[in-house]
Amino acid sequence: MAAPIEGRARSSKSMSFPLYTVDAFTNKPFAGNPAAVCLVKHDQVLDDETMQKLATEMNLSETAFVRTLSATEDFQSGSRYGLRWMTPTIEVALCGHATLASAAVLFFCLNNPSPELTFVTLSGELKARRCDPFVSLDLPLNSCEPETVNDAEELIKLTVNSLPVKEVQYSSTTKKLLVCLENSVSRLQLESMQPHVDQMIATHNTGRIKGVIVTLGGSEGNGCVDSKGKVYDFVSRYFAPWNGIKEDPVTGSAHTVLSSYWSKKLGKKALYARQCSPRGGDLKIQVRDDGRVDIAGEAAIVLSGNIFI
């Protein structure tokens with residue numbers, strides 16, 4: 001029989017790291033997109049291999065590693081941090097929901113009073129602003145261009161099955177394929193769609209595509225409304241088996257592409273969106289004129305503790 005955890009001896013060489021689980025883009029537990037957030041002090045050594053093992057152990061779509069950048073800074077009062085994201089299998093260059101989760105931990109768990117946090121990442125400097133009860137992320141706006149359907153025809157069929165496709169575009173910056181469905185498709189049909197995720201990698205393994213976004217314009221007639229009857233400008237789902245994620249519940253990085261696409265289509269900069277995964281989450285979006293986009297959402301802290309390595 002395993003001994004109670006408090007009775008187990010720990011190595012004198014083990015290090016302790018604060019660890020949180022946060023559901024992003026929701027205000028209630030067990031919805032939105034869960035991310036683990038690990039806090040690492042400047043003088044603590046946590047190598048890439050161990051970080052990847054920890055992300056695999058957490059087995060969430062992303063684990064965020066937030067690090068202080070100097071010995072004089074801390075998590076309770078600083079405003080600038082290093083940030084990296086890892087899926088259970090690889091490191092990724094951008095993750096919106098884990099950035100929101102990281103900011104929520106600093107703002108709401110550690111009571112960091114800074115109105116704005118800056119994260120130094122592989123995608124440059126990202127800013128998170130406190131907008132109680134929301135956290136607003138300042139992210140790069142990633143454009144997409146029309147894609148020839150024939151180039152990814154089999155992949156599209158595996159994803160949307162028989163649902164009619166209106167348009168296909170591709171974002172070279174993020175390596176995401178965007179598939180827009182016809183207006184005749186309902187939200188229920190999008191939510192009921194069952195992609196053949198296990199076959200998607202084998203069908204397209206060149207590395208050019210790393211994720212597939214399926215999206216639909218919102219209207220009252222097709223059921224794209226929230227619990228209060230407000231119409232979503234668009235809804236979507238996102239699949240990234242190439243990154244070890246069959247379906248991502250709510251994806252900030254995908255919305256950097258969706259924001260660009262729908263802002264042009266609808267001729268508006270303020271957008272209200274829903275990602276229609278089984279967990280689901282809402283996003284408030286403001287497209288800016290400087291090539292950036294503000295994506296805001298709420299967060300629910302569901303677990304806090306320490307990990308010993």
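Helices are DSSP runs of H or I with at least four residues, strands are DSSP runs of E with at least two, and both are numbered from the N terminus. The views below show a predicted model.

**View 1. Helix α2 and the residue Asn111 just after it.** Helix α2 covers residues 96–109. With 14 residues at 1.5 Å a residue, α2 should span 20 Å, and the 19 Å between its end C-alpha atoms agrees with this. Twelve of these 14 residues are buried, so the rest of the structure largely encloses α2. The buried residues of α2 include Gly96, His97, Leu100, Val105 and Phe107. Just after the helix, Asn111 has a positive phi of about 55 degrees.

**View 2. The largest nonpolar core, with 52 residues.** The members that touch the most others are Val37, Leu39, Val66, Trp85, Phe119 and Ile285. Helix α2 supplies the largest share of this core, seven residues. At least three residues come from domain 1 (16–137 + 299–308), and at least three from domain 2 (145–290). Apart from this core lies another, of 27 residues, with Ala152, Leu155, Met200 and Trp242 among them. In soluble globular proteins, nonpolar side chains tend to be buried together.

**View 3. The surroundings of Phe119.** Not counting residues up to four places away in sequence, Phe119 touches Val66, Tyr81, Leu83 and Gly124, among others. Its partners also include Thr99, Ser102, Ala103 and Leu106, and these four residues are buried in α2.

**View 4. Glu62 in strand β3.** The strand runs over residues 62–68. An unreviewed UniProt entry annotates Glu62 as "active site". Glu62 counts as buried because its relative accessibility is 5%, and buried means under 20%. Beyond its neighbours within four places in sequence, Glu62 is in contact with residues including Pro34, Trp85, Cys95, His97 and Ile245.

**View 5. Asp23 in strand β1.** This strand consists of residues 16–24. Asp23 has a relative accessible area of 2%, so Asp23 is buried. Leaving aside neighbours within four places in sequence, its contacts include Lys28, Asn33, Arg279, Glu298 and Val302. Pro133 is 110 residues from Asp23 along the chain, and their C-alpha atoms are separated by 14 Å.

**View 6. Residues 1–8, where pLDDT stays under 50.** For residues 1–8, the model has two contacts beyond four places in sequence. Where pLDDT is low, the predicted coordinates should not be read in detail. Over the protein, pLDDT averages 94, and 96% of the residues score at least 70.

How values were computed. Residues numbered from 1 in each chain as written. Predicted model: local features only at pLDDT ≥ 70, side-chain atom pairs only at ≥ 80, totals over all residues. Heavy atoms only, no water. UniProt positions renumbered as here; feature names shortened; annotations may be inferred. Buried < 20%, exposed > 50% of the residue type's maximum accessible area, 1.4 Å probe, protein only. Contact = heavy atoms within 4.5 Å. Core = buried A, V, L, I, M, F, W, Y, C linked by side-chain atoms within 4.5 Å. Domains from an automatic or database assignment. Expected span 1.5 Å × (residues − 1). pLDDT = per-residue confidence, 0-100.
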